[in-house]
Amino acid sequence: MAKTLRLILGDQLNYQHSWFQKVDESVTYLMMEMRQETDYVPHHIQKVVGFFLGMRNFSEELKSAGHQVLYFTLDHSENRQNLRDQLDFLISKEDFTRFEYQLPDEYRLDKILKDICEKLPVPSSFIDSEHFLTSRDFLKDFFKGKKTYLMETFYREMRRKYDILMDGKEPLTGQWNYDHDNRGALKDKKILKKALIRPKDVSEIVALLKKSGVKTIGSVDTEKFPWPTSRAESLEVLAYFCENLLPTFGLYQDALTTWDPYLFHSRLSFSMNSKMISPLEVVQTVEKYWYQHQDQISIAQVEGFIRQIIGWREYMRGVYWAKMPEFGEMNFFGHDRKLPEWFWTGKTKMNCLSQAIGQSLDLAYAHHIQRLMVTGNFALLAGIHPDEVDQWYLGIYIDAIEWVEITNTRGMSQFADGGIVGTKPYVSSANYIKKQGNYCTGCAYDSNKKTGHGACPFNSLYWHFYDRNREKLEKNPRIGMAYRTWDKMNNKTELLKQAELYLEQINDL
Ligand code: FAD
Ligand code: SF4
């Protein structure tokens, strides 16, 4: 009798995949918690717990719908802890005659699975994961022959293709992008709304990780795990977002404040990256909600949110498949410094970094501008090796999976790709951080001071970065102005000296 084994990876919890539309007695689904995945980088404990809990919920749902599932917990006596050994073991033990898998999102897993399939004793095949709006190679083909991949061009194509916020062939209201309306600084904490959190007891999984000796970073409240780990919970978070957070999402999405870690952000990245909900359904739900509430919500809020998903998220995935594996090696500036020790503890006198890192360690979450303009900005100014930066980002966030982490970190944030993802490096002095919120108030450093005792390190490091990378950046038309300003400055020597001093003492900042 034909017997098929189908693999479901931890980030393939797609309840709507065609595989699950009918029950087939000849098919068994395989899900496993494995050391291969817990150990390839030190992950935040909430990330491992989130994936395991999501997988367990998914397997229960499949079973209650009548599907056959083989689920291996981390401590299962027959768990071989890696894909190759587990498949060899199961195929011979249970006499499977065929193996099937969904295309993985990561290059690493894609390679492992291709290698395994070449040597399997049974025929194998793969199917699309049916999650993204485009195929793996769409972006590569779309920009064929072009040196740069402009996100905005891709984004407009997605709007047209999926008829989102469109009026025929034109954008609704005639304007494609409202980015300029999305930069408000938060002045009043009274307007903040609490995030929707359904706390869960995860003590059993945490005890399992401890017992198994899995090395993790960060902390978890075992009785109040805050992340959605099922489709139903994810949909609830989405509905809450539409009703409560969407009206001011765009306006304050770049705010940096100690008042609240989530602000008006959706907290949906883990739900989407694990595929419990799809990007298209998120975007269509938000669009529909807006059409029904146009009198209360401006289009700038909605467009800003939709752009993040069908624009940036989808674009990053396309860049990943167009540029891997070379992308993972890129180091445009030749940066080689080690990450300061306080990235792993949050113990630095720089309030912005202490807030963003502390929050990341406590919650496995930081919003986009904390990632880009606080931690990422510092790492780039200080010349940290992109491998070190990548490893940190890949471990620390609940939503960190390589296809979206590396493109954002090495590409957008560290400009290590020399300008594939972004047209110029995202760097700033203290000015930007000060303008965006209240981090500088109460900081041990003075945001207005550039040199001397107590001067904010961002101020001198900013010019040090431009000065040392002059040859690589001067010809960039978006940067020339910075060099004209630098050339006119009369305290260059003091600034560079100050920066050198801070770099020497980087672990004590
Ligand atoms: P919201 O602000 O509510 O945005 C809605 C959704 O838009 C997000 O859930 C996400 O799916 C999508 N989105 C927004 N910006 C981006 C972006 N630049 N790239 C891809 N999708 C985006 N996102 C990840 O999902 N995983 C990562 O590992 C990751 N690493 C990052 C590393 C750096 C250095 C930077 C600058 C950004 C990174 N991002 C990553 C993008 C972004 O910061 C997160 O998606 C977002 O903070 C998640 O929170 P949210 O769901 O509340 O997002
Ligand atoms: Fe960060 Fe400098 Fe502001 Fe302190 S003064 S919070 S180090 S930008």
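**Close-up views of a predicted model**

**Figure 1. Surroundings of Arg 80.** Leaving aside neighbours within four places in sequence, Arg 80 is in contact with Asp 85, Gln 86 and Phe 89. The structure shown in this and every following view is a predicted model. Arg 80 belongs to the loop between S4 and H3. With a relative accessibility of 35%, Arg 80 counts as partly exposed, because that category lies between the limits of 20% and 50%. Tyr 29 is 51 residues away from Arg 80 along the chain, and 17 Å separate the C-alpha atoms of the two residues.

**Figure 2. Ser 77 in its loop.** Ser 77 is found in the loop between strand S4 (68-72) and helix H3 (83-94). Is this serine buried or exposed? The relative accessible area of Ser 77 is 70%, and the residue is therefore classed as exposed. A distance of 46 Å lies between the C-alpha atoms of Ser 77 and Ile 506, two residues that are 429 places apart along the chain.

Figure 3. The loop between helix H15 (402-413) and helix H16 (430-435) holds Ser 429. Ser 429 has a relative accessible area of 16% and is therefore classed as buried, since the limit for that class is under 20%. Which residues does Ser 429 touch, when those up to four places away in sequence are not counted? They are Phe 458, Asn 459 and Tyr 462.

**Figure 4. Where domain 1 meets domain 3.** The protein is divided into domain 1 (4-127), domain 2 (138-323) and domain 3 (329-508). Domain 1 supplies 12 residues to the contact with domain 3, and domain 3 supplies 15 residues. Taken over C-alpha atoms, the centres of domain 1 and domain 3 are 39 Å apart. About 1,100 Å² of area is buried between domain 1 and domain 3, and carbon and sulfur atoms give 59% of this area. On the side of domain 1, the residues that lose the most area to domain 3 are His 44, Gln 46 and Lys 47, which together make up 44% of what that side buries.

**Figure 5. Polar contacts and elements on the domain 1 side.** How many salt bridges are counted between domain 1 and domain 3? The count is zero. Six residue pairs, however, are in polar contact between domain 1 and domain 3, with both residues of each pair at pLDDT 80 or more. Strand S3 (43-44) and helix H2 (45-64) are the elements that give two or more residues to the side of domain 1 touching domain 3. Of the elements on this side, H2 gives the most, with three residues. Sorted by class, the side of domain 1 that touches domain 3 has five nonpolar, three polar and four charged residues.

**Figure 6. The salt bridge of Arg 35 and Asp 39.** Side chains of opposite charge can pair when their charged atoms come close. Arg 35 and Asp 39 form a salt bridge in which the closest N and O atoms are 3.0 Å apart. Arg 35 is partly exposed, at a relative accessible area of 22%. Asp 39 is also partly exposed, with a value of 40%. In the whole structure, a search finds 29 salt bridges.

**Figure 7. The salt bridge of Asp 188 and Lys 190.** In the salt bridge between Asp 188 and Lys 190, the closest N and O atoms are 3.9 Å apart. This pair counts as a salt bridge because the cut-off is within 4 Å. Asp 188 has a relative accessibility of 32% and counts as partly exposed. Lys 190, by contrast, is exposed, with a relative accessible area of 72%.

Figure 8. Arg 307 and Glu 303 meet through their side chains in a salt bridge, at 2.8 Å from N to O. Why are these two residues separated by about one helical turn? Arg 307 and Glu 303 stand four residues apart in helix H11 (residues 299-323), so about one helical turn lies between them. Arg 307 counts as buried at 3% relative accessibility, and Glu 303 counts as buried at 0%. Elsewhere, Arg 6, Arg 98 and Glu 100 are joined into one network by salt bridges that share partners.

Note on methods
Residues are numbered from 1 along each chain as its sequence is written. Chains are lettered from A and ligands numbered from 1 in the order in which they are written. Side-chain values use heavy atoms; hydrogens and water are left out. Domain bounds come from an automatic or database domain assignment. Contact means heavy atoms within 4.5 Å. Buried area is the accessible area (1.4 Å probe) that two parts lose on being put together, summed over both. A polar contact is a pair of N or O atoms within 3.5 Å; within protein, one must be able to donate a hydrogen and the other to accept it, and residues adjacent in sequence count only if both atoms are side-chain atoms. Ala, Val, Leu, Ile, Met, Phe, Trp, Tyr, Cys and Pro count as nonpolar, Asp, Glu, Lys and Arg as charged, and the others, Gly among them, as polar. Buried means under 20% relative accessible area, exposed over 50%, partly exposed in between (1.4 Å probe, protein chains only).
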